[in-house]
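Subject: Structure handover

Hello,

Here is the structure we talked about. Please load it first, then read the notes below it.

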Amino acid sequence: MALDRWIALVILMICLAYGYAAFFTMDAALPPFMRHNPIWPSTFPKILSVMAVLAALFVLLGFEKGAEDPKPMDINYRRLTDYKLGQALALLALMAAYALLLRPAGFLPATVGFLAAGACILGERKLHIMLPVAALAAGVVWYLVQEVLGIFLSPWPAIVMNGG
């Protein structure tokens, strides 16, 4: 089995577990007054899990490859060093650092840093474009979550927000 199908199988297993949690365990702790709402906190996870399971099955069963298409070269796992493995590992480390720094650093600095560092890892070198775009993207996401959805998201480090 090709590497893309193995990855699809792993993603399918993760999405099935996530879907089970979304459909059967998330709604058990809802207070009675929320059970009459048309949209529950588990609505988006349910939609996401179903779509991800369908996409993983689509790849796993090979529907993305047409019958008349020539067989593309499979990824040779014995020659992983020929691929940009360093970039992939650096992005994984950056994602872990972002998750760990999100609360202590605040959403805006952590997100701007994550987007800028991620762009640098992927090869972008125009700081005069990258930093304003990262700041604008982080600001728009923060505004939408905080003001439009009404979910509190600390924009700055706790030391700045609490005054020391």
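This is a predicted model: local features need pLDDT of at least 70, side-chain atom pairs count only at pLDDT 80 or more; totals for chains, interfaces and linings use all residues.

The model has two aromatic pairs, by a rule that pairs rings of Phe, Tyr and Trp (its six-membered ring) with centres within 6.5 Å; planes under 30 degrees apart are stacked, over 60 edge-to-face, and the rest tilted. Tyr20 and Phe24 count as tilted, because their ring centres are 5.1 Å apart and their planes stand at 45°. Both sit in helix H1 (residues 3-25), four residues apart, about one turn of the helix. Helices are DSSP runs of H or I, at least four residues, numbered from the N terminus. Tyr20 and Phe24 are both exposed, meaning over 50% relative accessible area; buried is under 20%, and partly exposed lies in between (1.4 Å probe, protein chains only).

Residues are numbered from 1 along each chain as its sequence is written, and side-chain values use heavy atoms, without hydrogens or water.

Next, helix H5 (residues 127-148), which holds Gln146. Gln146 counts as buried, because its relative accessibility is 18%. The Gln146 side chain comes to 2.8 Å from the backbone nitrogen of Leu153. Leaving aside residues up to four places away in sequence, Gln146 touches Ile151, Phe152 and Leu153 (contact: heavy atoms within 4.5 Å).

Val140 is also in helix H5. Val140 is partly exposed, because its relative accessibility is 42%.

Best wishes

How values were computed:
Helices (H or I, at least four residues) and strands (E, at least two) are DSSP runs, numbered from the N terminus. A polar contact is a pair of N or O atoms within 3.5 Å; within protein, one must be able to donate a hydrogen and the other to accept it, and residues adjacent in sequence count only if both atoms are side-chain atoms.
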